[in-house]
Amino acid sequence: MHSFGYQNGSLHCEATDLQALASEHGTPLFVYSKKTILDNYQRLASAMSELDCQICFATKANSNIAVLNQLAKAGAGFDVVSSGEIFRVEKAGGDPGKCTFAGVAKTRAEIEHGLKAGIYSFNAESEAELVLIDKVAGEMGVKAPVALRLNPNVDAKTHAKITTGKSGNKFGIDFDFIRDAYARASKLPNLNIRGLQMHIGSQLTTAAPFIEAVEKVVPLVEELKAAYGIEFFSIGGGIGIVYEDSLASGDPAWWETSDALTPEEYAAKLVPSLKPLALKIILEPGRYMVGNAGVLLTEVIYEKQGTTKLFKIVDAGMNDLIRPTLYEGHHDIVPLQESDGETEVVDVVGPVCESGDYFATNRELAKVEEGDVIAVLSAGAYGFVMASNYNSRPYPAEILVDGETAHVIRQRQSMDDLIAGETIVE
Ligand code: LLP
């Protein structure tokens, strides 16, 4: 569900006309809906309400402090993976006491930051990391709350680059070693064992891999509860969103007939296995919360007819949204003015000097002209956060819409920002 759709022939985010935003703030422009983000949060929280459940938003999906602040006010904790993300959560008014700290390569400085901030749990991914956390905590005279991340060796059936729970992926500790790792953790004097965590992958569009992983791991969780008194089980993130037909998915009626994974189905399938554990259950959704809550607006600069292709050349590039080229990710593309039905088969390409700089290839799209602005949909997750300055292209601005009001939550980067910190030498 989301709040993007045509009203009187022009695409709106909530009650805000996107053409007006593009004219006022320029393109490329990321636009997010506050209502969609908060609705998604509430919907998942209510679906899981039978459990003692803490939602820890995966900060990496969209780390703008205005977005984090909205979620913090709604009650979310955060899953963070770096000192930078802890800093953002603190600036956004998030509660570190509701945060989990994931990642395979936490440095000494990051561990110190997490301990000072009062992170709820360090989710350690190796025995070597446990040893360093213990050492740093000892030096600081505190006990570090830890969980271990299990690699459950379950096939998430998603894109290879976002599969994380198969042995052979760098994440977590394999089943064969996990009991020894807990035994070791229990002997380290400055650790306080709090839980078990897993995350099998991202953009999962059916409940089956989640069920398989949870059913496989529940007996281990029971064992760890008895042995070490753990208080939580985190089942990670990964709930997929609708990328195709995504405009239609703003309509409640669409969900009646689609077989897309809903929070209600996710909860209905998992709660029966999780409830008897009588533990706090942590979820780490990222994409689910913000993916369909954002669009990238971009202007068609030129049209070019090739021998085999018709190109629509736009002013956003792979440096702004890398998903199509990095993951073969599909994003629907629609005009801001509702189409009269005329279509063309086109490639939508950006200005970056790489053939991988495209948003769509051989796609039948509504006919648009030079000067028209189009919306690349479902760009709220892993969009801006993965942007770069490649080709010395400044970061786009970000807007958070609340009804009829549009807040600039990040200024467009200036040319001076582009070279900030650089120095010429003799
Ligand atoms: N928890 C952990 C430990 C994770 O590594 C991730 C994502 C999440 C939670 C959140 O997963 P989500 O609910 O968003 O699926 N850039 C890629 C996605 C990378 C996901 C990395 N880890 C993309 O654009 O598809």
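Is aspartate 39 buried, partly exposed or exposed? Aspartate 39 counts as partly exposed, at 36% relative accessibility. Keep that residue selected; the tour of this predicted model starts there.

**Stop 1: helix 2**

Show the side chain of lysine 35 beside aspartate 39. The two form a salt bridge, with the closest N and O atoms 2.7 Å apart. Both sit in helix 2 (residues 34-47), and because they are four residues apart, about one helical turn separates them. Lysine 35 is also partly exposed, with a relative accessible area of 44%.

**Stop 2: the two domains**

Now color by domain. Domain 1 covers 4-13 + 21-29 + 292-413, and domain 2 covers 34-290. Their contact takes 26 residues from domain 1 and 25 residues from domain 2. Between the C-alpha centres of domain 1 and domain 2 the distance is 31 Å.

How much area is buried between domain 1 and domain 2? The figure is about 2,300 Å², and carbon and sulfur atoms give 55% of that. Select Asn292, Tyr382 and Leu400. These three supply 25% of the area that domain 1 buries against domain 2, more than any other three residues.

**Stop 3: polar links across the interface**

Stay at the boundary and look for charged pairs. The count between domain 1 and domain 2 is one salt bridge. Select lysine 34 and aspartate 402: they form a salt bridge, with the closest N and O atoms 3.1 Å apart. Eleven residue pairs are in polar contact across the interface of domain 1 and domain 2.

Next, pick out the elements on the domain 1 side. Strand 1 (4-7), helix 12 (323-327), strand 20 (397-402) and strand 21 (405-410) each supply at least two residues of the side that touches domain 2. Strand 20 gives the largest share, four residues. By class, this side of domain 1 has 14 nonpolar, six polar and six charged residues.

**Stop 4: helix 5 and its cover**

Move to helix 5 (residues 108-117). Which residues of helix 5 are buried? They are Glu110, Ile111, His113, Gly114, Leu115 and Ala117. Turn on the surroundings. What covers these buried residues includes helix 4 (83-91), strand 7 (99-101), strand 8 (121-124), helix 6 (127-140) and strand 9 (144-151).

Step just past the end of the helix to glycine 118. Glycine 118 takes a positive phi of about 90 degrees there.

Go back to arginine 108. Its side chain meets that of glutamate 139 in a salt bridge (2.8 Å, N to O). Glutamate 139 lies in helix 6 and arginine 108 in helix 5, so the pair ties together parts that are 31 residues apart in sequence. Arginine 108 counts as partly exposed, at 31% relative accessibility.

**Stop 5: helix 10**

Select lysine 269 and glutamate 265. They form a salt bridge, with the closest N and O atoms 3.0 Å apart. Both lie in helix 10 (residues 263-274), four residues apart, about one turn of the helix. Lysine 269 is partly exposed, with a relative accessible area of 38%. Glutamate 265 is partly exposed too, at 27%.

**Stop 6: a charged network**

Finish with Glu303, Lys312, Glu344, Lys367 and Glu369. Salt bridges that share partners join these residues into one network. To see the rest, show every such pair: the count comes to 20 salt bridges.

Note on methods
Residues are numbered from 1 along each chain as its sequence is written. This is a predicted model: local features need pLDDT of at least 70, side-chain atom pairs count only at pLDDT 80 or more; totals for chains, interfaces and linings use all residues. Side-chain values use heavy atoms; hydrogens and water are left out. Buried means under 20% relative accessible area, exposed over 50%, partly exposed in between (1.4 Å probe, protein chains only). Contact means heavy atoms within 4.5 Å. Domain bounds come from an automatic or database domain assignment. Buried area is the accessible area (1.4 Å probe) that two parts lose on being put together, summed over both. A salt bridge is a side-chain nitrogen of Lys or Arg within 4 Å of a carboxyl oxygen of Asp or Glu. A polar contact is a pair of N or O atoms within 3.5 Å; within protein, one must be able to donate a hydrogen and the other to accept it, and residues adjacent in sequence count only if both atoms are side-chain atoms. Ala, Val, Leu, Ile, Met, Phe, Trp, Tyr, Cys and Pro count as nonpolar, Asp, Glu, Lys and Arg as charged, and the others, Gly among them, as polar.
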